[in-house]
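Trainee: I've got this one open and I'd like to talk it through with you. Let's just go feature by feature.

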Amino acid sequence: MLQCTAFTELPEMGARVALMGMEDEPGEATEAPELDAFLLCELGEHEEGVEHAAQLPSVSASGGRDLWMFWADGDGRRKFRFAELLPCPAVIHRLSVKDGDACVLYDRHPAAHSWDVTDPLADLMAERIREEVRREREGGGGSGGDGTRGGRP
């Protein structure tokens, strides 16, 4: 399943207030995390009525909970809300009963688990990076032996 392509500008003040409301572990003071200006929905493709969701980075999870921002468009404007949610308990075991990949979404999320969601843009970027590394290892380094870049004049 493809990842939802919805994105939104982060309402920074609302996010900072929500982050400050998260409880720190006893005796632990945390610094405010760096926030991105825009968030991409982390869910797989979903129905139009389902809210989009993105996890906010936090230095420490409050009681095992993560901070998520939800948004939806309605009545000509975008509505936001923040919620501390437990992580999805689902784990997929591919080759070993001991080792597995946990779903990185929140508990009771709609649609597919994170391991079934593919992000074509991230896959394309990873492939380009792998190609660049391969060229570097083969000694190509992106510049031709004749002083031109990539073997082109």
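Trainee: Starting with E131, is that buried, exposed or partly exposed?

Mentor: E131 counts as partly exposed, at 27% relative accessibility. The cut-offs are under 20% relative accessible area for buried and over 50% for exposed, with partly exposed in between (1.4 Å probe, protein chains only). Keep in mind that this is a predicted model: local features need pLDDT of at least 70, side-chain atom pairs count only at pLDDT 80 or more, and totals for chains, interfaces and linings use all residues. Residues are numbered from 1 along each chain as its sequence is written, and side-chain values use heavy atoms, leaving out hydrogens and water.

Trainee: OK, and which side chain does E131 meet in a salt bridge?

Mentor: That's R134, at 2.2 Å from N to O. A salt bridge here is a side-chain nitrogen of Lys or Arg within 4 Å of a carboxyl oxygen of Asp or Glu. R134 is also partly exposed, at 36%.

Trainee: How far apart are R134 and E131 in helix 2?

Mentor: Three residues, which means about one helical turn between them. Helices are DSSP runs of H or I with at least four residues, strands are runs of E with at least two, and both are numbered from the N terminus. E138 comes in as well: E131, R134 and E138 are linked in a network of salt bridges.

Trainee: What about R135, which side chain does it meet?

Mentor: R135 and E132 make a salt bridge at 2.8 Å, and they too sit three residues apart in helix 2. R135 has a relative accessible area of 33% and E132 one of 39%, and each is partly exposed.

Trainee: How many salt bridges does the structure hold?

Mentor: Eight. One of them joins R81 and E51, at 2.8 Å from N to O. That one links distant parts of the chain: R81 is in strand 5, E51 is in the loop between strand 2 and strand 3, and they are 30 residues apart.

Trainee: And what is the charged end of R81 sitting over?

Mentor: The ring of F70, 4.2 Å from its centre. To count, NZ of Lys or CZ of Arg has to be within 6 Å of the ring centre and within 35 degrees of the ring normal.

Trainee: Switching to aromatics, which residues form a cluster with F70?

Mentor: W68 and Y106; the three form one aromatic cluster. Rings of Phe, Tyr and Trp (its six-membered ring) pair if their centres lie within 6.5 Å, and planes under 30 degrees apart count as stacked, over 60 as edge-to-face and the rest as tilted. The structure holds three such pairs. F7 and F38 make an edge-to-face one, 6.3 Å centre to centre with 65° between the planes. F7 is in strand 1 and F38 in strand 2, so the pair ties together parts 31 residues apart in sequence. F7 is exposed at 51%, while F38 is partly exposed at 49%. The rings of W68 and Y106 have centres 5.0 Å apart and planes at 70°, so that pair is edge-to-face.

Trainee: W68 and Y106, buried or exposed?

Mentor: Both are buried.

Trainee: Now strand 4. Which way do strand 4 and strand 5 run, parallel or antiparallel?

Mentor: Antiparallel, joined by nine bridges; two strands pair if DSSP finds at least two bridges between them. L67 stands opposite E84 and D73 opposite R78. Strand 3 also pairs with strand 4 in the antiparallel sense, over four bridges, with A53 opposite F70.

Trainee: What's in the turn of that hairpin?

Mentor: Two residues lie between the strands, and D75 in the turn has a positive phi of about 55°, although D75 is not a glycine. D75 is exposed, at 71%.
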